[in-house]
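These are my notebook entries on one structure.

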Amino acid sequence: MLNNRGFNLWADNYDKTVQVSEDNNLYPFAGYKKILNTIFNETMQKTNSDVLDIGFGTGVLTSKLYENGHRIDGLDFSSGMISIAKSKMPKANLIEWDILNGLPLALKRNKYDSIVSTYTLHHLTDEEKVSFIKGLIPLLNEDGKILIGDIAFNTREDLTSCREENINHWDEDEYYFVNDEFNSSLNNNCRCEIHQISHCGGIFILSRK
Ligand SMILES: C[S@@+](CC[C@H](N)C(=O)[O-])C[C@H]1O[C@@H](n2cnc3c(N)ncnc32)[C@H](O)[C@@H]1O
């Protein structure tokens with residue numbers, strides 16, 4: 001699994017790596033643009049809204065929201081990623097933080113219209129993901145949404161087939177979403193809409209019950 005130093009080294013080449021995988025419809029980033037565009041369009045339903053991005057990376061998604069007048073808070077543990085994102089969003093509140101420590105105190109009393117997270121939560125185990133995501137629900141405004149785009153599979157069998165097809169570059173240290181398992185582990189704590197976008201990528205839209 002990449003630690004923050006690994007992401008620092010990847011930061012300058014990150015967008016290029018994603019593009020090659022996405023253009024060729026390959027694991028892990030097949031569907032990346034559609035996933036980010038869909039989350040962008042959902043978030044744009046409100047004007048000048050409050051957005052939190054978990055693992056914003058080079059700011060591909062949030063810099064577009066920032067340019068459209070949304071207020072951006074963000075968490076990421078890589079200083080390399082943060083400096084690229086900061087150059088695109090100088091006034092955003094970008095905090096260097098490891099989400100394995102939960103949420104920083106400074107954000108705990110905030111409320112958001114949208115909490116977005118793309119291609120980041122697979123760095124948490126399934127248990128850690130669910131516990132972290134449940135902790136985000138109190139930060140939502142009444143009609144707010146959590147929009148997660150990530151490597152995801154409809155079933156465990158689909159994940160296993162993808163692993164077999166990509167065994168030479170499968171990342172054994174990442175924990176991908178399995179839609180039905182994730183939905184049931186939320187245990188009715190929120191509403192959950194699931195959209196499978198590519199053979200290995202999907203979107204989860206969570207809202208208060
Ligand atoms: C694959 S990149 C995704 C970046 C961006 N959201 C996108 O869709 O292109 C994963 C990002 O999550 C961050 N990240 C990974 N694990 C993290 C952790 N435990 N705490 C905070 N950030 C983390 C990395 O630094 C990196 O910027």
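Helices and strands here are DSSP runs, numbered from the N terminus; a helix (H or I) has at least four residues and a strand (E) at least two.

Before going on, I noted that residues are numbered from 1 along each chain as its sequence is written. I also noted that this is a predicted model, in which local features need pLDDT of at least 70, side-chain atom pairs count only at pLDDT 80 or more, and totals for chains, interfaces and linings use all residues.

I looked up the cover of H2 (residues 14-23). Of its 10 residues, the number buried is 1, so H2 lies largely in the open. A residue is buried if 20 or more other C-beta atoms lie within 10 Å of its own, exposed if 12 or fewer, and partly exposed in between; C-beta atoms are placed from the backbone.

I then checked the peptide bonds. Tyr27 and Pro28 are joined by a cis peptide bond, with omega about 5°. Pro28 belongs to the loop between H2 and helix H3 (32-43). I recorded this because most residues other than glycine have a negative phi, and most peptide bonds are trans.

**Entry: the parallel strands**

S2 runs parallel to strand S1 (residues 50-54), and 5 bridges join the two. Two strands pair if DSSP finds at least two bridges between them. Asp50 has Arg71 in S2 as its bridge partner.

S2 is also joined to strand S3 (residues 93-96), again in parallel, by 4 bridges. In S3, Asn93 is the bridge partner of Asp73, and Glu96 stands opposite Asp76.

I next followed the connections. S1, helix H4 (residues 62-67) and S2 make a right-handed β-α-β unit. The chain then crosses from S2 through helix H5 (residues 79-88) to S3, and this β-α-β crossover is right-handed. The term means that, with the strands pointing away from the viewer, the path from the first strand over the helix to the second runs clockwise.

Which residues of H5 are buried? I listed Gly80, Met81, Ile82 and Ala85. Their cover includes helix H1 (4-10), H4, S2 and S3.

**Entry: the ligand**

I looked up the 17 residues around the ligand, of which Gly55, Gly57, Phe77, Ser78 and Thr118 come nearest. A residue is near a molecule or strand if its C-beta atom, placed from the backbone, lies within 6 Å of it. The shell divides into 9 nonpolar, 6 polar and 2 charged residues. Ala, Val, Leu, Ile, Met, Phe, Trp, Tyr, Cys and Pro count as nonpolar, Asp, Glu, Lys and Arg as charged, and the others, Gly among them, as polar.

**Entry: the core and S5**

The largest nonpolar core has 46 residues, and Ile39, Ile115 and Ile146 touch the most other members. Its largest share, 7 residues, comes from strand S5 (residues 140-153). A nonpolar core is a set of buried Ala, Val, Leu, Ile, Met, Phe, Trp, Tyr and Cys residues joined through C-beta atoms within 7 Å.

Is Asp150, in contrast to its charge class, buried or exposed? I found that Asp150 is buried, because 24 other C-beta atoms lie within 10 Å. Asp150 lies in S5. Setting aside neighbours within four places in sequence, I found Asp150 in contact with Thr118, Tyr119, Leu121, His122 and Phe177. Contact means that the two C-beta atoms, placed from the backbone, lie within 7 Å.

Strand S8 (residues 201-207) has 5 of its 7 residues buried. S8 pairs with S5 in the antiparallel sense over 7 bridges, and Leu147 stands opposite Ile205. S8 also pairs with S7 (191-198), antiparallel, over 7 bridges. S7 and S8 form a hairpin with 2 residues between them.

Finally, I checked the loop between helix H8 (179-185) and S7, where I found Asn187. Asn187 has a positive phi of about 55°, and it is exposed because it has 9 other C-beta atoms within 10 Å.
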